Amino acid sequence: IDIEDRKRAEEALRESEERFRTMADTAPVMIWVSGADKLCTYFNQQWLDFTGRTLEEELGNGWAKGVHPDDYERCLRTYNEAFDRREPFRMEYRMCRSDGQFRWIYDTAVPRFSPGKEFLGYIGSCIDITKAKRAEEKIRQSEAELRQLIDVIPQQVAVFDADWSPLFANQREREYTGLTIEEMQSKDAVARIVHPDDVAKLASMRERALLDSA
């Protein structure tokens, strides 16, 4: 009876694993699975299509060979520290695609536990975020170019957040007030650059501006 029960349990496990692999291989994201020893035991078809490598090449620590050299240490450190703490983790790194191009990957992983709370390893999913990273870089470049442009105009320009804390002040504004951005963010900044008779008026203008923008 024990032998038959064991056989049925093993068969049920094989069927469960087969269903998982079928689902994982048709998922629109890259999926990986590791054991409790930190070595990867499975990569779905999306991952293999992306890297252009075989499952055998990726298993264990083989997948790490595709990580960009500049991201390698940070990537493995995040991976290992999360394993040691048994905590979920997220990270971004560049992975070599099958055509030789490095693409930015967003990797999200969670620990796996048995019904008896035994730690089994991790399962993770990855998506290609290269387009988003390039868009972010273009925005940063545009902002930097805009700041440079605003810095050379003769008018005073300052940008404040909802709490009236300065986010940016052009060179003309800094030269006129004699304050740096950090000094402008201090509690006594208004008292240092605004005449006492105008402080209340300035506060009223600020309140109206916030109400108009709400």
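I count a contact when heavy atoms lie within 4.5 Å. The model is predicted, so local features need pLDDT of at least 70 and side-chain atom pairs count only at pLDDT 80 or more, while totals for chains, interfaces and linings use all residues. Residues are numbered from 1 along each chain as its sequence is written, and side-chain values use heavy atoms, with hydrogens and water left out.

**Entry 1: arginine 103**

I started with arginine 103, which lies in strand 4 (residues 102–113). Strands here are DSSP runs of E, at least two residues, and helices are runs of H or I, at least four, all numbered from the N terminus. Is arginine 103 buried or exposed? Arginine 103 is buried, at a relative accessible area of 11%. My cut-offs: buried is under 20% relative accessible area, exposed is over 50%, and partly exposed is in between (1.4 Å probe, protein chains only).

Next I listed its contacts, leaving aside neighbours within four places in sequence. Arginine 103 is in contact with Phe50, Tyr93, Arg94, Met95, Arg97, Asp128, Thr130 and Arg134. I then looked for polar contacts: pairs of N or O atoms within 3.5 Å, where within protein one must be able to donate a hydrogen and the other to accept it, and residues adjacent in sequence count only if both atoms are side-chain atoms. The side chain of arginine 103 makes one with the side chain of aspartate 128, at 2.9 Å. The side chain of threonine 130 also makes a polar contact with that of arginine 103, at 3.3 Å.

**Entry 2: cysteine 96**

I moved on to cysteine 96, in strand 3. Cysteine 96 is partly exposed, with a relative accessible area of 24%. Not counting residues up to four places away in sequence, cysteine 96 touches Phe50, Thr51, Gly66, Gln101 and Phe102. I also checked glycine 52: 44 residues from cysteine 96 in sequence, and 9.3 Å from it in space, C-alpha to C-alpha.

**Entry 3: helix 4**

Which residues of helix 4 are buried? I found Asp71, Cys75, Leu76, Tyr79, Ala82 and Phe83. They cover an arc of only 135 degrees around the axis, so they sit on the same side of helix 4. The arc is taken from the directions from the helix axis to the C-beta atoms. The face turned away from the buried side carries the exposed residues Asp70, Glu73 and Asp84. The buried residues of helix 4 pack against strand 1 (30–34), strand 2 (40–43), strand 3 (89–96), strand 4 and strand 5 (119–128). Just after helix 4, I noted that arginine 86 takes a positive phi of about 60 degrees.

**Entry 4: rings**

How many aromatic pairs does the structure hold? I counted eleven. Rings of Phe, Tyr and Trp (its six-membered ring) pair if their centres lie within 6.5 Å; planes under 30 degrees apart are stacked, over 60 edge-to-face, and the rest tilted. Phenylalanine 83 and tyrosine 122 form a tilted pair, 4.4 Å centre to centre with 40 degrees between the planes. This pair links distant parts of the chain, since phenylalanine 83 is in helix 4 and tyrosine 122 in strand 5, 39 residues apart. Phenylalanine 83 is buried, at 0% relative accessible area. Phenylalanine 119 and tyrosine 122 are both buried. Ring pairs link Trp32, Trp63, Tyr79, Phe83, Phe89, Phe113, Phe119 and Tyr122 into a cluster.
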